[in-house]
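Here are a few notes from my pass through the model, in the order I'd look at them. Have it open alongside as you read.

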Amino acid sequence: MNRTATGGPPTAVEPKTHAPVVLTEVTDGALVITINRPSARNAVDLEVAERIESALAELDRRDDLVVGIITGAGGTFSAGMDLKAFVQGIRPATPQGGFAGFVENPPQKPLIAAVEGYALAGGFEITLACDLVVASSAAVFGLPETKRGLVAAAGGLLRLPRLIPERVALEYALTGEHLTADRALELGLINRVTEPGEALAGAFELAGRIVANGPLAVRATKQVVAQARDWSTTEQFDRQRDITGPIFASSDAQEGARAFAEKRTPKWTGS
């Protein structure tokens, strides 16, 4: 994907004394969100959470955006919650989105984590809340909360046992030990491993494959997969039909069929 335009959600005016704590960039149908606190290992404070929430609201709102990518500046994804703010009684969570502005309420559109360096504690929980993960071979994951007398309550204890065997998840949660990128790939926690420094490029490549598809179909596909675990066997096809029925009746569905028959690239309108 070629970077052709920049932009992002409207945010409060930044004090001139420091750089924005979250950067956004729009590139060929993808919104890139970068946590920009490298001196703090991209720890998440309340301002970071609020700005991520705002950026993801923009992702869902804009018709020209199909997928989001979240990453960290300076070679580290995120060390999790800002503990200095925590001891001051400040929680890095928003009322609607929870920790980091979204772990309790992820975006409707797909979100890819591009991980370099450490993704620990809340940083790991951010990746668990994403739909896809591309990581550098040097990336390190883990839930070390128990080592600090804390609990991985930002989705780590809820999502990790759904993604890998429960006993394996419990071991990592109880011991706080790290996972390498290779081990995370082996367990199915991440989708791709890249060379160091190439995680964002790998995420762009994966995003490009998604952006090429029908935007309505992409959104509905994520919705079905995210919600189906809560459906009973007797209701699952009816619930799925509620989501997929409008897709089959859309103009994009007709365009996709015509483009296939005419051996050309579809021209999606999102309608």
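1. Start with Arg62, which pairs with Asp64 in a salt bridge whose closest N and O atoms sit 2.8 Å apart. Keep in mind that this is a predicted model. Arg62 has a relative accessibility of 23%, so it falls in the partly exposed class. Asp64 also counts as partly exposed because its value is 43%.

2. Across the whole structure, the search turns up 15 salt bridges. As a reminder of the background, side chains of opposite charge can pair when their charged atoms come close.

3. Asp238 and Arg241 make another salt bridge, with an N to O distance of 2.9 Å. Both belong to helix H9 (residues 236–248), and because they are three residues apart there, about one helical turn separates them. Asp238 is partly exposed, at 46% relative accessible area.

4. Then there's Glu262 with Arg264, a salt bridge in which the closest N and O atoms are 2.6 Å apart. Arg264 comes out as partly exposed with a relative accessible area of 31%, and Glu262 is partly exposed too, at 48%. Going back to the region of point 1, shared partners link the salt bridges of Glu58, Arg61, Arg62 and Asp64 into one network.

5. Now for the threonines. Is Thr127 buried or exposed? With a relative accessibility of 4%, Thr127 counts as buried, since the cut-off for that class is under 20%. Thr127 lies in helix H3 (residues 122–129), and its side chain reaches the backbone oxygen of Phe124 at 2.6 Å. Leaving aside residues up to four places away in sequence, Thr127 touches Phe77, Ala113, Val115, Ala119, Val133 and Phe141.

6. Thr175 is in helix H5, which covers residues 166–175. At 29% relative accessibility, Thr175 counts as partly exposed. What does Thr175 touch, not counting residues up to four places away in sequence? The answer is Thr146 and Lys147. A polar atom of the Thr175 side chain also lies 3.2 Å from the backbone nitrogen of Glu177.

7. Thr175 and Glu58 are 117 residues apart along the chain, and their C-alpha atoms are separated by 38 Å.

Notes:
Residues are numbered from 1 along each chain as its sequence is written. This is a predicted model: local features need pLDDT of at least 70, side-chain atom pairs count only at pLDDT 80 or more; totals for chains, interfaces and linings use all residues. Side-chain values use heavy atoms; hydrogens and water are left out. Helices (H or I, at least four residues) and strands (E, at least two) are DSSP runs, numbered from the N terminus. Buried means under 20% relative accessible area, exposed over 50%, partly exposed in between (1.4 Å probe, protein chains only). Contact means heavy atoms within 4.5 Å. A polar contact is a pair of N or O atoms within 3.5 Å; within protein, one must be able to donate a hydrogen and the other to accept it, and residues adjacent in sequence count only if both atoms are side-chain atoms. A salt bridge is a side-chain nitrogen of Lys or Arg within 4 Å of a carboxyl oxygen of Asp or Glu.
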